[in-house]
Amino acid sequence: MDLDINIQPSLKRHPMSRKNILLKKRILTAVLQVLLLIGTSGPLWASTLFQDMQDQEATFNLYQGKIIDEESKKSLVFANISLENTNISTVSNAEGDFSLKIPKTIREGNVVVSFLGYHTTKIPLAQLKDNKNIIALRTSVIELTEVSLEVPKNAEALVRETLKRRGENYFDHPTIMTAFYRETIKKRRRNVSLSEAVVNIFKSPYNTDRKDAVELYKSRKSTDYNKLDTLVLKLQGGPFNTLFVDVIKYPQYIFTEESMEEYNFSFENSTRINNRLIYVVNFKQKDFITAPLYQGKLYIDGENKILTSAIFSLNITDKEEAARLFVRKKTR
């Protein structure tokens, strides 16, 4: 691109030496060159990104769909989807949707879909479509007998005993774990920001009060600023905060001696994991409690009183009160 810059100042109105005129002309030329460089960097970056996406499409097959309950047709959140006998896997999101990338070199195999409390389903890879795969899982119901095991009569008492036995049933030595972290910001039902990371978690023993630590191994973030609102907020979040959702290690953030009285606990259909009987305990804050608490399910090994899994979410019926827990800074 050719630039023709012609500066003709009026020497009568603004007395200026020839040296100053040449200096201003050089500065203006440099500024225009920088602007041109900034203007071209965007298309170059977009072109590189588009080329990378094309290379991935040429290497992988993308399978998309939704995981639902066979009877209620409700979405199953965080269901596991994996290719059998490989390390290729993913999980369903908050709407039950999933995306699974499989190299085109793999043409045979079974896709395994599993969710706690449901029968595991295997689907031949050849039967999957590129998109709109609706996979329904059937609830796994275990009929209990009085002969095999005594059924607890009080769900709250079972939860209290499980929390008290954390020093007996969980490891008592430091451990390093590798985990996958995902955080999304949604506008209505569409994601406008996505943060993902592979993290190393340094777990301290459960019989101590030392806090865990997390290290980012690899991360990425994608944000569509065109779809974001103009309101700017500073939220409390990130991989470090997710460490405290460990109900056994940090029960004080969900269940305290005082807050236990504010929940209703009840039993749901039991299930089996690795041939062990697992009780499913529902918990939800009582109707007259106005503060935002949690609701969800606890999966407890009935024989050893071990919490094997927990699925829960914050009650955000009172949005203003719930926002105070996470919003650290906002515009006036």
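Visitor: How much space lies in the second largest pocket?

Guide: Rolling a probe the size of a water molecule over the atoms shows where empty space is left. In this predicted model, the second largest pocket holds about 630 Å³ of space.

Visitor: Which residues are the closest to the centre of that pocket?

Guide: Leu76, Phe115, Lys297, Tyr299 and Ile311 are, out of 24 residues that line the second largest pocket. Strands β12, β14 and β15 (306-314) are the elements that each give two or more residues to this lining.

Visitor: You mentioned β14. Where is Asp301 found, and is Asp301 buried or exposed?

Guide: Asp301 belongs to strand β14, which covers residues 294-301. Asp301 counts as buried because its relative accessibility is 5%, and the cut-off for buried is under 20%.

Visitor: What does the side chain of Asp301 reach?

Guide: The side chain reaches the backbone nitrogen of Asn304, at 3.3 Å. Beyond its neighbours within four places in sequence, Asp301 is in contact with Arg276, Leu277, Ile278, Ile306 and Thr308.

Visitor: Let us turn to charges. How many salt bridges does a search of the whole structure find?

Guide: Side chains of opposite charge can pair when their charged atoms come close. Here the search finds 12 salt bridges. One of them joins the side chains of Glu84 and Lys122, with 2.7 Å from N to O. This pair links distant parts of the chain, 38 residues apart: Glu84 sits in the loop between β2 (80-83) and β3 (89-91), and Lys122 in strand β6 (residues 121-124). Glu84 counts as partly exposed, because its relative accessibility is 25%.

Visitor: With which residues does Asp212 form salt bridges?

Guide: Asp212 pairs with Lys203, where the closest N and O atoms are 2.9 Å apart, and also with Lys249, where they are 3.0 Å apart. The pair of Asp212 and Lys249 links distant parts of the chain, 37 residues apart. Asp212 lies in the loop between β9 (190-203) and β10 (213-223), while Lys249 lies in the loop between α4 (239-242) and β12 (263-273).

Visitor: Why do Asp212 and Lys249 count as buried?

Guide: Asp212 is buried because its relative accessible area is 4%, and Lys249 is buried with a relative accessible area of 4%. Lys203 is buried too.

Visitor: Which residues do salt bridges that share partners join into one network?

Guide: Glu156, Arg160, Glu257 and Glu261 are joined in that way.

Key
Residues numbered from 1 in each chain as written. Predicted model: local features only at pLDDT ≥ 70, side-chain atom pairs only at ≥ 80, totals over all residues. Heavy atoms only, no water. Helix = DSSP H or I, 4+ residues; strand = E, 2+ residues; numbered from the N terminus. Buried < 20%, exposed > 50% of the residue type's maximum accessible area, 1.4 Å probe, protein only. Polar contact = N/O pair within 3.5 Å; in protein donor to acceptor, adjacent residues only side chain to side chain. Contact = heavy atoms within 4.5 Å. Salt bridge = Lys/Arg side-chain N within 4 Å of Asp/Glu carboxyl O. 1 Å grid on protein atoms, 1.4 Å probe; cavity = no way out; pocket = protein on both sides within 12 Å on 5 of 7 lines; lining within 4 Å. Points joined across faces, edges and corners; volume = space filled by probe spheres on them.
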